[in-house]
Amino acid sequence: MKREGSRRVFLRGAARLACAVPLLPLASRAFAGGAGARSIALLHTHTGEFLDVVYALGGRHVPAALAAIDRFLRDHYDGAVGRIDPALFDQLHALRLTFGAHQPFEVISGFRSARTNEALRRRGAGGVARHSLHMEGRAIDIRLPGVGLAQLRDAARDLKAGGVGYYPASQFVHIDTGRVRIW
């Protein structure tokens with residue numbers, strides 16, 4: 001009889017676990033409203049991928065979230081993955097709060113390998129610097145649905161957290177974690 005009771009307890013616990021496992025990805029979102037939680041939501045315009053993640057809790061970054069963002073922001077031309085500066089995520093988080101945005105940032109470009117950067121420069125793609133901070137994982141080109149590009153540019157500039165480039169013809173704003181500058 002004792003053995004049967006143990007089996008029931010085991011099966012009941014296994015059933016609960018089976019029901020909980022699909023909810024694990026949502027668990028980190030539960031912390032999003034907590035004190036000190038910082039999150040970002042991204043939609044990549046070239047890959048169609050979507051990511052909504054809590055990347056920091058309190059003063060600590062969440063390593064698995066940082067790795068997920070690094071992979072998400074990979075070079076969409078050659079698949080190279082670089083380490084992205086978490087200070088860039090803080091800028092995105094601050095901009096999202098500034099606008100009370102619920103939509104994800106649309107990402108045009110994140111990390112860029114040296115090979116891709118040089119190919120884009122040779123092709124004559126506008127605004128591709130020889131020593132682009134995209135190659136160091138310190139820059140991202142974005143737009144935010146429902147927010148005008150000029151408004152996004154001005155809010156990013158007001159952060160005084162790095163460089164801000166304005167590309168209205170290409171419909172994006174560049175932000176980076178380099179020195180404060182505007183173009």
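# Briefing on a predicted protein model

Met 135 counts as partly exposed because its relative accessibility is 25%, where buried means under 20% relative accessible area, exposed over 50%, and partly exposed in between (1.4 Å probe, protein chains only). This is a predicted model, in which local features need pLDDT of at least 70 and side-chain atom pairs count only at pLDDT 80 or more, while totals for chains, interfaces and linings use all residues. Residues are numbered from 1 along each chain as its sequence is written, and side-chain values use heavy atoms, with hydrogens and water left out. The protein has 183 residues, of which 38% are buried.

**Overall architecture**

- The secondary structure amounts to six helices and eight strands, helices (H or I, at least four residues) and strands (E, at least two) being DSSP runs numbered from the N terminus.
- Along the sequence, these elements follow the pattern α-α-β-β-β-α-α-β-α-β-α-β-β-β.
- Eight strands make up an open sheet with mixed pairing, in the order S3-S2-S1-S4-S5-S7-S6-S8.
- Strand S3 (60-61) and strand S8 (181-182) stand at the edges of this sheet; each has a single partner strand, so one side of each is left without a neighbour in the sheet.

**Pairing within the sheet**

- Strand S1 (residues 38-44) is largely enclosed by the rest of the structure, because five of its seven residues are buried.
- S1 pairs with strand S2 (residues 50-57) in the antiparallel sense over six bridges; two strands pair if DSSP finds at least two bridges between them.
- Within this pairing, Val 54 in S2 is the residue opposite Ser 39.
- S1 and S2 form a hairpin with five residues between them, and Gly 48 in the turn has a positive phi of about 75°.
- S1 also pairs with S4, in this case in the parallel sense and over three bridges.
- His 44 has Val 107 in S4 as its bridge partner.
- Strand S6 (residues 163-167) and S7 run antiparallel and are joined by four bridges, with Val 164 partnered by Ile 175 in S7.

**Helix H4**

- Helix H4 (residues 86-99) has 14 residues and reaches 20 Å from its first C-alpha to its last.
- Its buried residues are Leu 88, Phe 89, Gln 91, Leu 92, His 93, Leu 95 and Arg 96.
- At the start of H4, the backbone nitrogen of Ala 87 has a side-chain oxygen of Asp 85 within 3.0 Å.
- Just after H4, Gly 100 adopts a positive phi of about 60°.

**Loop residues**

- Met 135 belongs to the loop between helix H5 (114-123) and strand S5 (139-143).
- The C-alpha atoms of Met 135 and Phe 111 are separated by 5.9 Å, although the two residues are 24 residues apart along the chain.
- Lys 160 lies in the loop between helix H6 (149-159) and S6, and it has a positive phi of about 50° although it is not a glycine.
- With a relative accessible area of 60%, Lys 160 is exposed.
- Gln 171, in the loop between S6 and S7, is another residue other than glycine with a positive phi, near 60°.
- Gln 171 counts as partly exposed, at 42% relative accessibility.

**Pocket and cavity**

- On a 1 Å grid over the protein atoms alone, a cavity is a set of points where a 1.4 Å probe fits but cannot get out, and a pocket is an open set with protein on both sides within 12 Å along at least five of seven lines; lining residues have an atom within 4 Å of a point.
- Grid points are joined across faces, edges and corners, and a volume is the space filled by probe spheres set on the points.
- The largest pocket has a volume of about 470 Å³.
- Its lining comprises 26 residues, and Arg 112, Gly 127, Val 128, His 134 and Asp 141 lie nearest its centre.
- Strand S4 (105-109) and strand S7 (172-176) are the elements that give two or more residues to this pocket lining; S7 gives the most, with three residues.
- The lining of the largest pocket divides into 10 nonpolar, 11 polar and five charged residues, where Ala, Val, Leu, Ile, Met, Phe, Trp, Tyr, Cys and Pro count as nonpolar, Asp, Glu, Lys and Arg as charged, and the others, Gly among them, as polar.
- One cavity of 30 Å³ or more is counted, and the largest cavity has a volume of about 30 Å³.
- The largest cavity is lined by Arg 74, Asp 75, His 76, Tyr 77, Ser 109, Gly 110, Phe 111, Arg 112 and Thr 116.
- By class, the lining of the largest cavity has two nonpolar, four polar and three charged residues.

Note on methods
Expected span 1.5 Å × (residues − 1). Polar contact = N/O pair within 3.5 Å; in protein donor to acceptor, adjacent residues only side chain to side chain.
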